[in-house]
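Subject: Structure handover

Hello,

Here is the structure I promised to pass on. Please open it alongside this note.

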Amino acid sequence: SPFFEKSFNHGVYVLLKTSNKSGGEIQDIPCRYEGNELPLFKVVLDKLLKWYKPGMGLVIGANRLEELSFVLDYIKAPSFKIPLLIPGIGAQGGDLKNLIKILKASGNLELHRITSSSAINYAYEKSGIADYAGCAAEALLKLINDMNL
């Protein structure tokens with residue numbers, strides 16, 4: 001609570017469900033919460049909505065489409081406009097086409113931010129040339145084109 005009270009001059013993204021494979025070891029731990037047994041990330045989500053203030057965003061991995069759909073439905077119910085930061089496209093296996101489809105269906109596609117930092121930062125490794133900036137720019141353009149917005 002004190003963190004939220006003091007950090008909303010600029011906004012903050014709160015980690016909900018990571019895109020890394022081992023994230024579930026902690027984020028899916030079953031917890032007793034209000035008479036139910038829920039995975040920890042759902043308990044965190046509910047708490048965050050209770051503490052909600054404008055400027056709050058959530059981080060959820062692009063390769064967690066089932067959980068992402070759940071989160072989008074959950075935050076839609078109270079009509080919050082909470083932006084999502086969605087890492088995991090590329091190196092971590094996020095499916096961009098299905099992600100875009102889910103975000104469009106939510107009605108707030110423009111609110112969310114999709115990231116693909118590893119696929120862009122390390123694009124030169126796949127090319128076999130040391131043109132870091134050129135390869136990163138090509139990977140970024142490919143991502144934009146693949147979004148087909």
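Below is what was found, feature by feature. Keep in mind that this is a predicted model.

Start with two helices. Helix α4 covers residues 65–76, and helix α5 covers residues 96–106. Their axes come within 11 Å and cross at roughly 10 degrees. Angles under 35 degrees count as roughly parallel, so α4 and α5 are roughly parallel to each other.

Which residues make this contact? From α4 come Leu65, Leu68, Ser69, Leu72 and Lys76. In α5 they meet Asn98, Leu99, Ile102, Leu103, Ala105 and Ser106. By type, the contact has 7 nonpolar residues, 3 polar and 1 charged.

Next, the largest pocket. Its space is about 460 Å³. The lining has 21 residues. Closest to the pocket centre are Gly90, Ala119, Lys126, Ala139 and Lys142. Which of them gives the most? That is α8, with 6 residues. The lining divides into 10 nonpolar residues, 4 polar and 7 charged.

Last, the salt bridges. The structure holds 5. One joins the side chains of Lys17 and Asp28, at 2.4 Å from N to O. This pair links distant parts of the chain, 11 residues apart. Lys17 sits in strand β1 (residues 12–17). Asp28 lies in the loop between α2 (24–27) and β2 (30–33).

Best regards

Notes
Residues are numbered from 1 along each chain as its sequence is written. This is a predicted model: local features need pLDDT of at least 70, side-chain atom pairs count only at pLDDT 80 or more; totals for chains, interfaces and linings use all residues. Side-chain values use heavy atoms; hydrogens and water are left out. Axes are lines fitted to C-alpha atoms, for helices over the stretch in contact, and angles run from 0 to 180 degrees between N-to-C directions. Helices (H or I, at least four residues) and strands (E, at least two) are DSSP runs, numbered from the N terminus. Angles under 35 degrees count as roughly parallel, over 145 as roughly antiparallel, 65 to 115 as roughly perpendicular and the rest as oblique. Contact means heavy atoms within 4.5 Å. Ala, Val, Leu, Ile, Met, Phe, Trp, Tyr, Cys and Pro count as nonpolar, Asp, Glu, Lys and Arg as charged, and the others, Gly among them, as polar. On a 1 Å grid over the protein atoms alone, a cavity is a set of points where a 1.4 Å probe fits but cannot get out, and a pocket is an open set with protein on both sides within 12 Å along at least five of seven lines; lining residues have an atom within 4 Å of a point. Grid points are joined across faces, edges and corners, and a volume is the space filled by probe spheres set on the points. A salt bridge is a side-chain nitrogen of Lys or Arg within 4 Å of a carboxyl oxygen of Asp or Glu.
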